[in-house]
Amino acid sequence: MRKVVSGLFVSLDGVAQSPNEWQFAFDEEMGAALGKTLETADTILLGRVTFTEWAGYWPTVTDGEDAGFAKWINDSPKYVVSSTLDSVDDWANSTLVNGDLTAAIEELKAGEGKDITVAGSPTLVRSLLEQDLLDELVLLIHPVVAGEGRKKLFADDATLKKLELVSAQPTSSGVIIATYRPTRGPLR
């Protein structure tokens, strides 16, 4: 069965919004971790906000250092989770998911292929985690306090959820790549 995996940039204070405004370093180890996603996943889940931001950009990238990622994301099937969008036809290979999220994810996981990655979309990541639909959470924890009223990955009133640490790797720029798996069943 396929896994649903999310990889997110986060600050020390838990901010996941607009990493381009507070992420000051991008090192080889981070590149390797993100490159692994390209090798192990062939399907992408996106929330509405990330979809609308990325749909206008990635299809236009045809050369330069981002061309490999652009080709991968443009050619891959994308499933956009939204209750407000009417269409996702403006980005090739995109399908709108606006019904039962659990049923849609279970159907994707049961299908053929590699893993399913959640691109950006911290609100969607929270929903997947809350509904026990996320199999792995990779956090690239940056040594910075983003502050300034930006949205955190988890709200202060988030439901208690236990995760187990699978691996942790410090990088040359001071980022820690931490991989977690949600525990299923009663909290201990």
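Glu107 and Ala110 are exposed (over 50% relative accessible area, with a 1.4 Å probe and protein chains only) on one side of helix H4. Helices are DSSP runs of H or I with at least four residues, strands are runs of E with at least two, and both are numbered from the N terminus. The model is predicted: local features need pLDDT of at least 70, side-chain atom pairs count only at pLDDT 80 or more, and totals for chains, interfaces and linings use all residues. Residues are numbered from 1 along each chain as its sequence is written, and side-chain values use heavy atoms, with hydrogens and water left out.

**Helix H4**

- H4 spans residues 101-110. Its buried residues (under 20% relative accessible area) are Leu101, Ala104, Ile105, Leu108 and Lys109.
- Seen down the axis of H4, these buried residues fall within an arc of 130°, so they line one face of the helix. The arc is taken from the directions from the helix axis to the C-beta atoms.
- An α-helix has 3.6 residues a turn, so residues three or four places apart point the same way.
- What do the buried residues of H4 pack against? Their partners are strands S1 (4-11), S2 (41-47), S3 (78-81), S4 (94-97) and S5 (115-119), together with helix H5 (122-130).
- Asp100 caps the N-terminal end of H4. A side-chain oxygen of Asp100 lies 3.0 Å from the backbone nitrogen of Thr102.

**Nonpolar cores**

- A nonpolar core is a set of buried Ala, Val, Leu, Ile, Met, Phe, Trp, Tyr and Cys residues joined through side-chain atoms within 4.5 Å.
- The largest nonpolar core has 22 residues. Val4, Leu45, Val118, Leu128 and Leu134 touch the most other members.
- S1, H4, S5, H5 and strand S6 (136-142) each supply at least two residues of this core.
- A second, separate core has 15 residues, including Leu46, Trp58, Val61 and Trp91.
- Contact means heavy atoms within 4.5 Å. Not counting residues up to four places away in sequence, Val4 touches a list of residues that includes Leu45, Ile105, Lys109, Val118, Leu128 and Leu134.

**Helix H5 and the loop after it**

- Leu124, Val125, Arg126, Leu128 and Leu129 are the buried residues of H5.
- Asp132 follows H5 and sits in the loop between H5 and S6.
- Phi of Asp132 is positive, near 55°, though the residue is not glycine. Asp132 is partly exposed, with a relative accessible area of 36%; that class lies between the buried and exposed limits.

- Ser18 is not a glycine, yet it has a positive phi of about 50°.
- Most residues other than glycine have a negative phi.
- Ser18 lies in the loop between S1 and helix H1 (28-40). At a relative accessible area of 24%, Ser18 is partly exposed.

**Second largest pocket**

- On a 1 Å grid over the protein atoms alone, a pocket is an open set of points where a 1.4 Å probe fits, with protein on both sides within 12 Å along at least five of seven lines. Lining residues have an atom within 4 Å of a point.
- The second largest pocket holds about 320 Å³ of space. Its volume is the space filled by probe spheres set on the points, which are joined across faces, edges and corners.
- It is lined by 15 residues. Leu129, Phe154, Ala158, Lys161 and Leu163 lie nearest its centre.
- H5 and S6 each supply at least two lining residues. The largest share, three residues, comes from H5.

**Thr50 and Ser121**

- Thr50 is in helix H2 (residues 48-55). Thr50 counts as buried at 8% relative accessibility.
- Leaving aside neighbours within four places in sequence, Thr50 is in contact with Ala119, Gly120 and Ser121.
- Ser121 is in the loop between S5 and H5, and it counts as buried at 4% relative accessibility.
- With neighbours within four places in sequence left aside, Ser121 is in contact with Leu46, Gly47 and Thr50.

**Two other loop residues**

- Leu85 lies in the loop between S3 and S4. Is Leu85 buried or exposed? Leu85 counts as buried, at 17% relative accessibility.
- Leu85 touches Arg48, Phe51, Thr52, Val80 and Leu96, residues up to four places away in sequence not being counted.
- Val145 is in the loop between S6 and strand S7 (163-170). Val145 counts as exposed, at 62% relative accessibility.
- Val145 and Gln17 are 128 residues apart in sequence and 12 Å apart in space, C-alpha to C-alpha.

Definitions and conventions
A polar contact is a pair of N or O atoms within 3.5 Å; within protein, one must be able to donate a hydrogen and the other to accept it, and residues adjacent in sequence count only if both atoms are side-chain atoms.
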